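Please read these points with the model open beside you.

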Amino acid sequence: MPTKPTRPRPRNIELLSTLPTEIRNQVERVEALRAKNFKGPEYELLADELFRYAYAPLMAKMGSGEIAALAGDSATPLALSPDEFQTLRSSQADRDELAVHTIAAALQTFRRRALDEGLWRPEENLGQGGRPASLETYFFRLCLLVFPREMWRWRAEREDRFARTANRLSPHYVRHRLGYETSSAPGGEVGALCDGVLMLLESASERERAVVALTLDGHSAGEIADLLKLTVSTVESVLYRFRRKARGWRRRGGLRLSSEMRAHALQTKRTAAGDH
């Protein structure tokens, strides 16, 4: 059976009278909404105001990397990888997705805790510097508390997206994309090249593997960015690091090109030099 909402205990009128006028007005507004069961256009207006209040600061804190430290009081542990920090700094689309989901989740928590259960009590629970917390400040703190949970959801969806694409990098797929159609595993120079590519990919992250798989399919950096919900600059950075790693492996003998591919690479360099 559904549980009945907790009835808030009575307000302390004497303490309420000591609040700044602006916050007293907010308390009266919440009490009026409670009388209407937090439904109707008045509540929708409040929810819209809180959304607009929290959106820009959340976007800014994610972009600067401050969000991890600010969300430290949450019950959900949060540790961002360097790649995630970089993604949040560079990708407005990812920041927007996280901000919208975080605010939506915070609004649900806010309605239950601050409104239904009456836990927003600025006359009793003072904020920083001994000042009573406004409704907006209280709500933004809730956003920081629920952010780690939404970050875990975003992370899981992102990893699933990369994994689905990266899982195509089987030995047969790599041989096919390198231009070798054989019914059995190739040997000689071709086999050594395929083995080297596969070993190089084994040490790559799923995001890197996903970008490489789509590159092998012939997609441009812009198309890959759209498919994986990354920025074009992120895709280009991933490809640059992967190519640099491949050149290092090649110099150390871990990635051996076939004679045909070496001749093609040499001809490409000569053509490029001639163009300049």
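1. A crossing is left-handed if the near helix is turned anticlockwise from the far one by less than a right angle, and right-handed if clockwise. In this predicted model, helix 3 and helix 7 cross in the right-handed sense.

2. Helix 3 covers residues 41–64 and helix 7 covers residues 135–166; their axes lie 10 Å apart at an angle of about 55 degrees. Axes here are lines fitted to C-alpha atoms over the stretch in contact, with angles from 0 to 180 degrees between N-to-C directions. Helix 3 and helix 7 are therefore oblique to each other, the class left once angles under 35 degrees (roughly parallel), over 145 (roughly antiparallel) and 65 to 115 (roughly perpendicular) are set aside.

3. Which residues of helix 3 meet helix 7? They are L46, L50, Y53, A54, P57, L58 and M62, and their partners in helix 7 include F139, F140 and F147. Contact means heavy atoms within 4.5 Å.

4. The chain has 13 helices and 0 strands. Helices (H or I, at least four residues) and strands (E, at least two) are DSSP runs, numbered from the N terminus.

5. Of the 276 residues in the chain, 40% are buried, that is, under 20% relative accessible area with a 1.4 Å probe, protein chains only.

6. Among contacts between residues at least 6 apart in sequence, 74% join residues at least 24 apart.

7. Residues are numbered from 1 along each chain as its sequence is written, and side-chain values use heavy atoms, without hydrogens and water. In this predicted model, local features need pLDDT of at least 70 and side-chain atom pairs count only at pLDDT 80 or more, while totals for chains, interfaces and linings use all residues.

Technical notes:
Buried < 20%, exposed > 50% of the residue type's maximum accessible area, 1.4 Å probe, protein only.
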